[in-house]
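Reader: I would like to go through the labels in this model one by one. Please set each value against its cut-off.

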Amino acid sequence: MPEIEIPRQFDVIVVGAGAAGLYTALCLPESLQVGLITKETVTLSASDWAQGGIAAAIAPEDSPRLHIEDTIQAGAGLCDRQAVEFLAQEAPSCIQSLVNLGVAFDRHGQALALTLEAAHSRNRVLHAADTTGREVTTTLTAQVLHRQNIQVIQQALALSLWLEPQTGRCQGISLFYQGEITWVKAKAVVLATGGGGQVFAQTTNPAVSTGDGVAIAWRAGAILRDLEFVQFHPTALTKPGADRFLISEAVRGEGAHLVDDTGRRFAFDYHPAGELAPRDVVSRAIFSHLQSTAVDPATAHVWLDMRPIPPEKIQHRFPNIVKVCQRWGIDVFHEPIPVAPAAHYWMGGIVADLQNQTNIPGLYAVGETASTGVHGANRLASNSLLECIVFGAQMANIQLADIELNSDISELRLREFSLDEKDWQTQQAQLEALRDKLPRLVWQSAGICREQSRLDEAIATVESWQQDFAILPLTQFLLALHANETVNFKIPNIERQLRLWAETRNLLDVADLILRSAGFRTESRGGHYRIDYPEPDPHWQIHTLVQERHWSKSVPLT
């Protein structure tokens with residue numbers, strides 16, 4: 001990456017360059033100077049991997065009211081109705097905005113093509129073949145790069161929020177870039193860093209999805225909500241050596257069958273809608289079926305048979321799935337695909353209102369990082385990209401505080417950090433071991449089915465790992481760093497090393513938060529399933545709230 005000089009201040013800093021971050025940056029007033037921070041490049045995000053599409057009630061036989069009811073039904077009693085109404089009612093105009101920007105959705109003649117996905121009562125999912133996310137993010141990226149008021153800072157790592165000591169207002173971030181840590185001021189910071197799927201050993205998320213925004217906000221005192229609710233996608237490609245590539249829900253919407261080793265469509269044993277039941281139901285159906293039939297449930301899979309779909313439709317609608325499966329030796333036109341569930345989407349996140357504001361003045365959250373109340377306990381298919389666009393659009397209305405940014409910006413002090421090669425290798429080995437062990441522990445204890453004793457054991461283990469992490473020389477140095485102290489590192493390959501350190505820290509915090517939240521909620525609901533409390537409990541029709549180390553319940557929802 002070519003080195004660029006980072007301004008010491010912006011009007012707004014947006015952290016994350018998926019659909020939420022890109023669209024937020026585009027919708028912020030062009031009179032504002034915007035810094036768009038991404039730890040990779042602007043083309044690598046979970047949004048880019050989204051296949052299925054984006055939901056909106058634009059068909060004559062559809063309506064926002066039906067979209068609202070489907071979303072609330074899927075959310076298992078925990079949706080905020082006002083937020084859902086806002087999402088569904090804004091959806092058609094937001095789709096038109098994307099079309100105006102140049103997003104090339106598939107069409108039937110002149111009309112936008114719509115498909116059906118699980119738990120939708122109407123065909124309302126717009127798509128661009130099976131790479132909708134890539135089409136959206138590619139188009140948004142091109143627009144962002146043409147905006148004079150937006151400076152994209154790639155391969156830069158946000159480490160922490162910078163709070164004003166007297167008021168608690170967010171006034172910027174600490175940033176690792178080009179081998180140095182520095183502090184960048186802003187009148188507002190928007191976290192749009194996506195989810196935390198990498199805390200699970202089996203996930204459809206890309207490597208960048210390490211829960212950074214949620215962890216950073218939590219450490220600064222932000223209120224989090226419903227962290228136990230993780231959506232496990234039922235159909236991820238499951239083959240030795242292959243990534244857990246998501247096989248879109250739209251495949252089942254177009255007619256693919258879910259079958260076991262005998263060829264039987266077993267999903268109907270668990271729900272009358274079979275393959276088109278809500279995602280959490282289908283994931284548990286696969287999990288339960290494998291527990292009872294597989295020799296080794298941990299590595300077992302079922303089969304997704306696309307052959308009921310006409311071959312020409314498969315080629316037209318799912319060219320990327322065809323290509324990826326071919327790469328792994330699977331011919332979808334003549335054989336089924338081995339699939340099993342994997343962590344896919346985090347319903348919980350940083351509590352944010354309809355204008356994306358959090359409880360910390362000057363801090364906003366958009367997209368999967370946020371908890372706005374639209375998804376409840378279980379997200380409806382293709383509402384995730386929609387949430388990014390609808391809520392990103394609200395940043396056009398941002399009201400920045402009239403605060404002076406220039407104070408104490410010139411007082412930065414430079415510190416240096418170095419380790420001898422042997423000590424650094426030891427520290428790196430410890431970090432790599434944690435990164436390897438942690439996702440396997442969380443998958444085993446807080447995956448599709450959970451119960452208290454395993455959660456307690458995992459919490460104790462994560463606590464011990466956090467203590468190991470805390471005594472690392474790099475941890476002790478960085479956590480003692482004061483605002484306005486910049487760091488120059490005298491260590492080779494520091495970019496990789498510091499990212500490993502930062503992501504491990506975030507994943508340890510995220511793991512602890514998910515495990516404790518899953519133990520706190522003693523019922524089953526949506527994406528949270530407890531073997532020891534297998535039924536929903538009306539007394540738990542509340543949100544789980546977390547601030548610092550304190551867990552509490554919201555007021556009951558109606």
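Reader: Which residues in α6 are buried?

Author: Asp212, Gly213, Val214, Ala215, Ile216, Ala217 and Trp218 are buried in α6. Buried means under 20% relative accessible area, exposed over 50%, and partly exposed in between, with a 1.4 Å probe and protein chains only. Helices are DSSP runs (H or I, at least four residues), strands likewise (E, at least two), and both are numbered from the N terminus. This is a predicted model: local features need pLDDT of at least 70, side-chain atom pairs count only at pLDDT 80 or more, and totals for chains, interfaces and linings use all residues. Residues are numbered from 1 along each chain as its sequence is written, and side-chain values use heavy atoms, with hydrogens and water left out.

Reader: What makes the pair of Phe232 and Trp443 edge-to-face?

Author: Rings of Phe, Tyr and Trp (its six-membered ring) pair if their centres lie within 6.5 Å; planes under 30 degrees apart count as stacked, over 60 as edge-to-face, the rest as tilted. By this rule the count comes to 10 aromatic pairs. For Phe232 and Trp443 the centres are 5.9 Å apart and the planes at 70 degrees, so this pair is edge-to-face. The pair links distant parts of the chain, with Phe232 in strand β12 and Trp443 in helix α12, 211 residues apart.

Reader: Why is Phe232 called buried?

Author: Its relative accessible area is 4%, so Phe232 is under the 20% cut-off.

Reader: Why does Trp443 count as partly exposed?

Author: Trp443 has a relative accessible area of 22%, so it falls between 20% and 50%.

Reader: How do you know that Phe520 and Trp540 are edge-to-face?

Author: Their centres lie 5.6 Å apart, within 6.5 Å, and their planes stand at 85 degrees, over 60. Phe520 is in helix α15, and Trp540 is in the loop between α15 and β21, 20 residues apart. Trp540 is buried at 6%, whereas Phe520 is partly exposed at 25%.

Reader: What sits over the ring of Trp540?

Author: The charged end of Lys553 does, 4.2 Å from the ring centre. The rule asks for NZ of Lys or CZ of Arg within 6 Å of the ring centre and within 35 degrees of the ring normal. The charged end of Lys185 sits over the ring of Trp162, 5.2 Å from its centre.
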